[in-house]
Amino acid sequence: MARLFRNAGAPLSLILCDIDHFKAINDAHGHAAGDRVLATFAGVLRDSVREADLVARIGGEEFAILLPGMDVDAAMAVAECIRERLAIHRFPVLGATESVTASFGLAQRDGSERFQAFSARADARLYRAKREGRDRVVAADMPLTAGPAEVAQPANAASPAA
């Protein structure tokens, strides 16, 4: 992985993904079934990326995909493809009616940015995908929104009459 970070000029993107409602799968079907879901999910990830890409389980039901030479727009297409493949994939251990979804957060490395900063941006976007309803891909930061008291007036704007 260190080799990937030495080439600061080449694009490098990171997808973090997390299986939605995984605890419910374990609770309803048992940990052995949950383990089979994890293994099958990992297989879907591996089958969806190039040989040069790195897929790793980083904890619990969270996975990382490192995409060397790929910008964030291309990584977004990969994540969306994975999300769509999951929508139609059947997990035999869950029965015919249950499906597995996942949430995705993406980031592209900025220049010679350190891995911790790079992955923190992808992680923030993953949690945004979770907050916004799951089963989605987030590749950009949320725009800042201002409440009524926080809206700045232009310097040349006339003051309202009192």
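Q: In what order do the five strands of the open sheet stand, and is the pairing mixed or of one sense?

A: Strands of a sheet pair through backbone hydrogen bonds, in either a parallel or an antiparallel sense. In this predicted model, the open sheet has the order β2-β3-β1-β4-β5, and the pairing is mixed. Strands β2 (54-59) and β5 (137-138) stand at the edges; each has a single partner strand, so one side of each lacks a neighbour in the sheet.

Q: Which helix packs on the sheet, and which strands does this helix touch?

A: Helix α4 (residues 72-88) packs there, in contact with β1 (12-19), β3 (62-68), β4 and β5. The direction of helix α4 makes about 170° with that of β4.

Q: In what sense do β4 and β5 pair, and over how many bridges?

A: Strand β4 (residues 102-108) pairs with β5 in the parallel sense, over two bridges. Within the sheet, Gly105 lies opposite Val138 of β5.

Q: In what sense does β3 pair with β1, and in what sense with β2?

A: With β1, strand β3 pairs in the antiparallel sense over seven bridges; Leu12 stands opposite Pro68 of β3. With β2, the pairing is likewise antiparallel, over five bridges, and Gly59 faces Glu62 of β3. The hairpin of β2 and β3 has two residues between the strands, and Gly60 adopts a positive phi near 50° in this hairpin.

Q: How many residues of β3 are buried, and which residues lie on each side of the strand?

A: Burial is read here from relative accessible area, with under 20% as the cut-off. Seven of the seven residues of β3 are buried, so the strand is largely enclosed by the rest of the structure. Both faces are covered: Glu62, Ala64, Leu66 and Pro68 lie on one side, with Phe63, Ile65 and Leu67 on the other.

Q: How many salt bridges does a search of the whole structure find?

A: Side chains of opposite charge can pair when their charged atoms come close. The search of the whole structure finds nine salt bridges. One of them joins Arg50 to Asp53, with the closest N and O atoms 2.6 Å apart. Arg50 is partly exposed because its relative accessibility is 36%, whereas Asp53, at 9%, counts as buried.

Q: Which parts of the chain does the pair of Arg83 and Asp135 link?

A: The closest N and O atoms of the salt bridge between Arg83 and Asp135 are 3.2 Å apart. This pair links distant parts of the chain: Arg83 belongs to helix α4 and Asp135 to the loop between α5 (115-131) and β5, 52 residues apart. Arg83 counts as buried at 19% relative accessibility, and Asp135 as partly exposed at 30%.

Q: What does the count of disulfides come to, and are Cys17 and Cys81 buried or partly exposed?

A: A disulfide is a covalent bond between the sulfur atoms of two cysteines. With a cut-off of 2.5 Å between cysteine sulfur atoms, the count comes to zero disulfides. Cys17 is buried, with a relative accessible area of 0%; Cys81, at 33% relative accessibility, counts as partly exposed.

Terms used. Residues are numbered from 1 along each chain as its sequence is written. This is a predicted model: local features need pLDDT of at least 70, side-chain atom pairs count only at pLDDT 80 or more; totals for chains, interfaces and linings use all residues. Side-chain values use heavy atoms; hydrogens and water are left out. Two strands pair if DSSP finds at least two bridges between them. Helices (H or I, at least four residues) and strands (E, at least two) are DSSP runs, numbered from the N terminus. Contact means heavy atoms within 4.5 Å. Axes are lines fitted to C-alpha atoms, for helices over the stretch in contact, and angles run from 0 to 180 degrees between N-to-C directions. A salt bridge is a side-chain nitrogen of Lys or Arg within 4 Å of a carboxyl oxygen of Asp or Glu. Buried means under 20% relative accessible area, exposed over 50%, partly exposed in between (1.4 Å probe, protein chains only).
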